[in-house]
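Hi,

Here is the structure I promised to pass on. Have a look at it first, and my notes follow below.

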Amino acid sequence: MKALVTGGTGFTGKALVRRLIDAGHQVVALDYKEGLKTQELKEWGAEVIIGSVTETDVVAKSVQGVEIVFHLAAAFREMNVPDSFYYDVNVQGTANVLEAALKAGVKRFIYCSTQGVHGNVDNPPGDESSPIQPADYYQQTKYEGEVVCGKHQGGKMKIVILRPTAIYGPGDHERFTMIFKRVASGMFPMFGAGKTFYHPVYIDNLTDAFLTVMQDGVGDGQAYIIADQEYVELNDLVQRVAKVMGVQLRVPHYPLWPLIVAGHVCEKACAPFGLTPPIFPRRVDWFRQNRAFKIDKAKRELGYQPKVGLDDGLGRMYKWLCQEGYLSKPSGSKPSGCCR
Ligand SMILES: NC(=O)c1ccc[n+]([C@@H]2O[C@H](COP(=O)([O-])OP(=O)(O)OC[C@H]3O[C@@H](n4cnc5c(N)ncnc54)[C@H](OP(=O)(O)O)[C@@H]3O)[C@@H](O)[C@H]2O)c1
């Protein structure tokens, strides 16, 4: 098949492009900026189109001859941008890709949404029917992207929505890597009780799900939470990371509310200067938003089975971080670690 992956040089997009090429598919990747990763994708055999999902001519070009679209491009961590930036990319951009795909006769459209559309899960574990209550503008616009998809449901082009939980694994040198780096120091400051639930999904488990919903008639018109089997409390998560690193970890606890206040103050203070705040509300939410889901629907209807468990996934990610030089040998670790 010929597939388009929007956001193809991102963490998830790149892993998906690799899987599709390995499975013998022809891949077009649409991405915002030229960079080292675009070169790598070209070397793998993908066609790379540079441009934004907000540009209708670029989008129209990228769907030519395509049978399936994986729409992953999203404004995600952009700081110091107006809310309209998130709307333009995540809502209008999704509408642009959908409309161009319809016009070009694309058969299937897979929208990568997020668990974040459910915001804080009040009665964990939640599922796809849990209340939609996005807690920030990113989550809100990802949900509005789902609504745009909903308007095109039931037509000739089949649409499937995946809501991944927190994606981690080799290739992510930014988000989850921060946890490894902090753990490597031997001390992880925990704001609050550390009993908040965190639900990871290992990158290969997620790409398995993407490949499953490529097939005709699989998941049409539905939304699925895609997650690992296991969710954990934050206290447990950081200790499990410490274990794979061979680090003796201290986890001092601090009250959460001063951090919440500081997050808001920092964000407001940095905005006029165009600076990225050291802490901001979305980062603080990590300590307090419960994320825990059942994955029964994806198992039942897609045959989804997360193959890589948490300890295995953390070990693989640690090995990759060491190999790529993102981590040096953690202080106090046993010499058995990969960073010797
Ligand atoms: N990471 C998670 O834990 C998580 C959890 C749930 C859902 N998701 C969803 O999963 C998808 C992939 O996330 P990720 O973690 O892989 O993020 P990522 O690494 O930031 O990838 C996003 C990609 O989209 C591209 N992009 C951004 N704006 C664009 C635009 N206007 N036009 C074209 N491309 C654009 C980015 O390009 P540049 O790098 O050049 O800006 C980047 O390559 C997103 O839809 C996200 O909402 C992520």
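Before the rest, two notes on how to read the values. This is a predicted model, in which local features need pLDDT of at least 70 and side-chain atom pairs count only at pLDDT 80 or more, while totals for chains, interfaces and linings use all residues. Residues are numbered from 1 along each chain as its sequence is written, and side-chain values use heavy atoms, with hydrogens and water left out.

**Overall picture**

The chain holds 12 helices and 13 strands (DSSP runs numbered from the N terminus: H or I of at least four residues for helices, E of at least two for strands). Its C-alpha trace spans about 55 × 40 × 40 Å along the principal axes. The radius of gyration is 20 Å, which agrees with the value near 20 Å for a compact globule of 340 residues (taken over C-alpha atoms; the rule is 2.2 Å times the number of residues to the power 0.38).

Of the 340 residues, 51% are buried (buried is under 20% relative accessible area, exposed is over 50%, partly exposed is in between, with a 1.4 Å probe and protein chains only). Counting contacts between residues at least 6 apart in sequence, 77% join residues at least 24 apart (contact means heavy atoms within 4.5 Å). As for charge, the mean positions of the 39 positive and 36 negative charges are 4 Å apart (Lys and Arg positive, Asp and Glu negative, His and chain ends not counted; placed at NZ of Lys, CZ of Arg, CG of Asp or CD of Glu).

**The cores**

The largest nonpolar core has 36 residues, and Leu-20, Phe-70, Leu-162, Phe-210 and Ile-226 have the most contacts inside it (a core is a set of buried Ala, Val, Leu, Ile, Met, Phe, Trp, Tyr and Cys residues joined through side-chain atoms within 4.5 Å). Apart from it lies another core of 35 residues, with Phe-11, Leu-256, Phe-287 and Leu-321 among them. Back in the largest core, Ile-226 has contacts beyond four places in sequence that include Leu-162, Val-201, Leu-206 and Tyr-304.

- Leu-98 sits in helix H4 (residues 83-103) and is buried, with a relative accessible area of 0%. Beyond four places in sequence, Leu-98 touches Phe-109, Val-148, Cys-149, His-152, Met-157 and Ile-159.
- Val-147, in helix H5, is partly exposed at 35% relative accessible area.
- Gly-51 lies in the loop between strand S3 (47-50) and helix H3 (56-62), yet is buried at 9%. Gly-51 and Asp-31 are 20 residues apart in sequence, with 5.8 Å between their C-alpha atoms.
- Cys-270 belongs to helix H9 (residues 257-270) and is buried at 13%. Its contacts beyond four places in sequence are Leu-275, Pro-277 and Pro-278.
- Pro-124 and Pro-125 are joined by a cis peptide bond, with omega about -5°. Most peptide bonds are trans. Pro-125 is in the loop between strand S5 (108-112) and helix H5 (137-152).

Enjoy looking around, and write back any time.

Best wishes
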